[in-house]
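Trainee: I have a model open and would like to go through it with you. Can we start with single residues and then build up to the sheet?

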Amino acid sequence: MERPLFPDEYFMKEALKEAQKAYELKEVPVGAVIVNRDRIIARAHNMTQQLMDVTAHAEMIAITSASNFLGAKYLNDCTLFVTLEPCVMCAAALKWAQLDRVVFGASDPREGFSRTSTSILHVKTRVVTGIMEEEASSLLKQFFLERRD
């Protein structure tokens, strides 16, 4: 396996830019990018409010975008970078998309897929956690504090 040109933090910063876009739209600030061979092929952020669609999570939108870009339903040579641990719905979609890796920043002990089982992902998918966790958590905490006021 060839060594990537960019560290995981580089792409997580791009996912955080997407999370910031969601924040500015008053969406839960989650951002995602999908990378294929050191190149971002999809960018997305939560759009559940904008689209009035409970399935419009950043990961779901990114999967669709990446599949369209590649002209393929499987994302075997791809990595998803997402600021928050995917929920069970998104993890199931990630399983079917067969990504090589899922890299997330902040854990989600209430809604994240790992609270049920990491085996929900495809058997070949590797998971990396905690990349830029503090930055991702900070944006989420700020968002929910403002909503309480």
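Trainee: Is Arg-37 buried or exposed?

Mentor: First, this is a predicted model, where local features need pLDDT of at least 70, side-chain atom pairs count only at pLDDT 80 or more, and totals for chains, interfaces and linings use all residues. Residues are numbered from 1 along each chain as its sequence is written, and side-chain values use heavy atoms, with hydrogens and water left out. Buried means under 20% relative accessible area, exposed over 50%, and partly exposed in between (1.4 Å probe, protein chains only). Arg-37 has a relative accessible area of 66%, so this residue is exposed.

Trainee: Where is Arg-37 placed?

Mentor: Helices (H or I, at least four residues) and strands (E, at least two) are DSSP runs, numbered from the N terminus. Phi of Arg-37 is near 55°, a positive value in a residue other than glycine. Its place is the loop between β1 and β2.

Trainee: Gln-98 has a positive phi in a residue other than glycine; what is the value?

Mentor: Gln-98 is found in the loop between α4 and β4. Its relative accessibility is 22%, so Gln-98 counts as partly exposed. Its phi is near 60°.

Trainee: In what order do the five strands of the open sheet lie?

Mentor: Two strands pair if DSSP finds at least two bridges between them. The pairing in this open sheet is mixed, and the order is β2-β1-β3-β4-β5.

Trainee: Which are the edge strands?

Mentor: An edge strand here pairs on one side only. The twist from one strand to the next averages 15°; axes are lines fitted to C-alpha atoms, for helices over the stretch in contact, and angles run from 0 to 180 degrees between N-to-C directions. The edges are β2 (39–45) and β5 (126–129).

Trainee: How many bridges join β1 to β2?

Mentor: Strand β1 covers residues 31–36 and runs antiparallel to β2. Val-33 stands opposite Arg-43 in β2. The bridges number six.

Trainee: How many residues of strand β4 are buried?

Mentor: β4 pairs with β3 in the parallel sense over five bridges, and with β5 in the parallel sense over four bridges. Strand β4, residues 101–106, is largely enclosed by the rest of the structure, because its buried residues number six of the six.

Trainee: What is the bridge partner of Leu-84 in β4?

Mentor: The chain goes from β3 through helix α4 (residues 88–97) to β4, a right-handed β-α-β crossover. Right-handed means that, with the strands pointing away from the viewer, the path from the first strand over the helix to the second runs clockwise. In β4, the partner of Leu-84 is Ala-106.

Trainee: Which strands does helix α3 lie across?

Mentor: Helix α3 spans residues 58–70 and runs at about 145° to β2. The strands are β1, β2 and β3 (78–84).

Trainee: Which residues does Met-60 contact, leaving aside its neighbours within four places in sequence?

Mentor: Met-60 lies in helix α3 and counts as partly exposed because its relative accessibility is 21%. Met-60 and Leu-94 are 34 residues apart in sequence and 8.4 Å apart in space, C-alpha to C-alpha. With contact meaning heavy atoms within 4.5 Å, the partners of Met-60 are Thr-55, Met-89, Cys-90 and Ala-93.

Trainee: How many aromatic pairs are there?

Mentor: Rings of Phe, Tyr and Trp (its six-membered ring) pair if their centres lie within 6.5 Å; planes under 30 degrees apart count as stacked, over 60 as edge-to-face and the rest as tilted. By this rule the count is seven.

Trainee: What is the centre to centre value for the pair of Phe-6 and Phe-11?

Mentor: The pair is edge-to-face, with 80° between the planes. Phe-6 is partly exposed at 31% relative accessibility, whereas Phe-11 is buried at 4%. Centre to centre, the value is 5.6 Å.

Trainee: How many residues apart in sequence are the parts that Tyr-23 and Phe-143 tie together?

Mentor: Tyr-23 and Phe-143 form an edge-to-face pair, 6.2 Å centre to centre with 65° between the planes. Tyr-23 lies in helix α1 (residues 8–24) and Phe-143 in helix α5 (residues 133–148), so the parts tied together are apart in sequence by 120 residues.
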